[in-house]
Amino acid sequence: MFKNKESEISAFLESAYVFADPKYPKFYKMDNLSKLGFLASEILLKDNEQARTYPAEEVGIVLSNASASLDTDVKYYKTVSDFASPALFVYTLPNIVIGEICIRNGFKGENAFFISERFDASFMVDYVDNLINNNILQCCICGWVELFKESYKAAFFLVDRNTDNPSVSTFFDTNQIVHIYQSNNG
Amino acid sequence: MADLKRQIIEQLNLKDLKPEDIGDDQPLFVEGLGLDSIDALELIVLLQQEYKIKLSNAEEGPKVFQSVRTMAAYITAHQAQKV
Amino acid sequence: MSSSVLIAGVGIISAIGNNQQECLESLEQERAGMGFMNHLHSIHKNKLPVAEVKADNARLAAITGASPQLSRTALLAMVAAEEAWRDSGMGKLKDLRVGLISANTVGGMDKTEDFFPSFLQNPAKGHLRDVVYHECGSVTELVADRLGIKDYLSTISTACSSSANAVFYGARLIKQGILDVVVAGGTDALTRFTLNGFNTLMILDANFCKPFDEERRGLNLGEGAGYMVLVSEKVADMVGGKIYCKLSGYCNANDAYHQTASSPGGTGSLLAMKGALEKSGLQPEDISYINLHGTGTQNNDIAEGTAIKTLFAARYPPMSSTKSFTGHTLGASGGIEAVLSAMAIRNGVIYPNLRLTTPMKDLPFVPEKHFLKNRAIRHVLSNSFGFGGNCSSLIFSTL
């Protein structure tokens, strides 16, 4: 886990980048939402390298948030009156954060992005359970990645069909997910 | 060209680079700096914003943006025309 | 648990018609929906062709009985979703678990961008009620309220594959026995936001688009909505109406290559099409018609074409891009094209790919140039590939 008392978003993201140390210069082109999601996935995968060894089509990503890409939408829109920025426009879709994680890791499995007012743990558990139990995926990164201006939260979970270390991993069910999500508040 | 390099770094968010890291003739795309299609579009915006030059035909892009030197040459040529 | 998911009703509104019948007529008459802007106010007004729905918000509101103050995205959705609902005959049934899975990318942006300039100048100006429905999820809620759907709502936002993803997510919910009926699809309205954005990516054609043509120059933006009413076999028996077809296959994959461009070989597209075939238990040669994603951009068409070349290997079915009629309707395109696919099966027709004059030299096949009827259309493959590498394919089949 990574904690930083910085409340200013770019300082936080910068320090998280240093911590995760992914050596990925393309990071700097991303918008804040993608940076947040990307870093969350890097930290998640640091301790779970096996996800990167599965066949590409069997690793998927299911994320959700409330604001979609609003933070970048606003920033992009401000450039329109002068010269519209293509680099910003690219990020005016929430699922681009999934694209960035896939590009980085080569993941080609099913992916989806849902919009909801609050993180819906039981929905996420049902959705991902279905994908894993029906052999659509072996492994799935899922969770919540929300960012608007200085307010942000990312809670990522790695769900893997094959767990060889039961003491470390946690059973993937709604109560556990809600517990983890809430315990890292603030 | 040093100014141009600074502008390129700024426009494309190439955080880890300094102007002296970019060779005058170093390929910008594919190898060299490894820029992509979105970077190319941002360079087109750069030409408009800083130099008031409009590149409306995207196909000219690869030739113009081959290296910093070719970019500088293009800017000089088109700025001269404007005057 | 139900094994088949059937399509009981469809609804559509696009640049070529405000309902199913009008759209079919336009397709048969080979009459495209592009033109210069009428409803949207933009500096590109007389320079960039778009495929607008031929109705202003007042007219849309009149069709659906909703408030004309609502965002155009929501109004379009209501028109199409209501048509689908009426078409299905579901209204007569009680005690069913009904859900709405709706996709869009712009949300209420059309109202917001009208609000923004006066707000920027003076924060006290502008009506806040105009932006209350800005976010994507509220469009879904508005449609659900209109149709009286309370049991399950979900909003998907995955760029151009959004509403295709909504369709197969809805199907999954029925197969899992969670819902009996799902209205699934998507909507998007034209906004300056998207127009300027796509213009800045330099992938808009200054003329009417030419999908799968060697001389293609880009896409034309469009708007609209497309929804289908998905039901279980049990419900289909209850309603006794004419069922269009079944959703026999679907698959989603990520191209993992670039945020907005497709990999040259169309890896993501290939995985999605292959996966959909596997799910349906069909072979490539079983496909009667492919509704291409076919945006008309240099990049998409060669990537998609290459993936088709790889997968179908010399047994190429008839295919076409209906975006040559409707433009690229972004978040609505998967839903609109799913509806057109179901209509193709019901009516036994193949839609043309308009303005195709020079076939692409790197592809060994050519899309259909004219409307064909009296065909036995048994299986239709519909492709929707979005930014972020999100690739989806749906397969619809006769019963």
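Reply: The elements themselves are DSSP runs numbered from the N terminus, with helices being H or I runs of at least four residues and strands being E runs of at least two. This is a predicted model, where local features need pLDDT of at least 70 and side-chain atom pairs count only at pLDDT 80 or more, while totals for chains, interfaces and linings use all residues. Residues are numbered from 1 along each chain as its sequence is written, and chains are lettered from A and ligands numbered from 1 in the order in which they are written.

The part to zoom in on is β4 of chain C, residues 181–188. A residue is called buried if 20 or more other C-beta atoms lie within 10 Å of its own, exposed if 12 or fewer, and partly exposed in between, with C-beta atoms placed from the backbone. Eight of the eight residues of β4(C) are buried, so this strand is largely enclosed by the rest of the structure. In a regular strand, side chains alternate between the two faces of the sheet. Here, C:V181, C:V183, C:G185 and C:T187 point one way, while C:V182, C:A184, C:G186 and C:D188 point the other, and all are buried.

Now for the partners of β4(C). Strand β2 of chain C (residues 98–103) pairs with β4(C) in the parallel sense over six bridges, and C:A184 is the bridge partner of C:I101. β5(C) also pairs with β4(C), this time antiparallel and over eight bridges. There, C:V182 sits opposite C:L230.

Stepping back, chain C is assigned domain 1 (5–239) and domain 2 (246–397), with bounds that come from an automatic or database domain assignment. The C-alpha centres of the two domains of chain C are 20 Å apart. Two residues are in contact if their C-beta atoms, placed from the backbone, lie within 7 Å. By that rule, 63 residues of domain 1 of chain C touch 56 residues of domain 2 of chain C. On the domain 1 side, β4(C) is among the elements that each supply at least two residues, as are α1 (20–28) and α6 (162–175) of chain C. The largest share, eight residues, comes from α6(C). That side has 33 nonpolar, 20 polar and ten charged residues. Ala, Val, Leu, Ile, Met, Phe, Trp, Tyr, Cys and Pro count as nonpolar, Asp, Glu, Lys and Arg as charged, and the others, Gly among them, as polar.

Helix α1 of chain C also holds C:E25. Unlike the buried β4(C) residues, C:E25 counts as exposed because it has 12 C-beta neighbours inside 10 Å.

One more stop in chain C is the loop between α7 (192–200) and β5, where C:A206 lies. With 13 C-beta neighbours inside 10 Å, C:A206 counts as partly exposed. Leaving out residues up to four places away in sequence, C:A206 touches C:K47 and C:L48.

Finally, chain C meets chain A through a contact of 33 residues from chain C and 31 residues from chain A. The chain A side divides into 18 nonpolar, nine polar and four charged residues. β2(A) and strand β3 of chain C (residues 152–156) run antiparallel, joined by two bridges, and A:I115 stands opposite C:T155.

How values were computed. Pairing = 2+ DSSP bridges.
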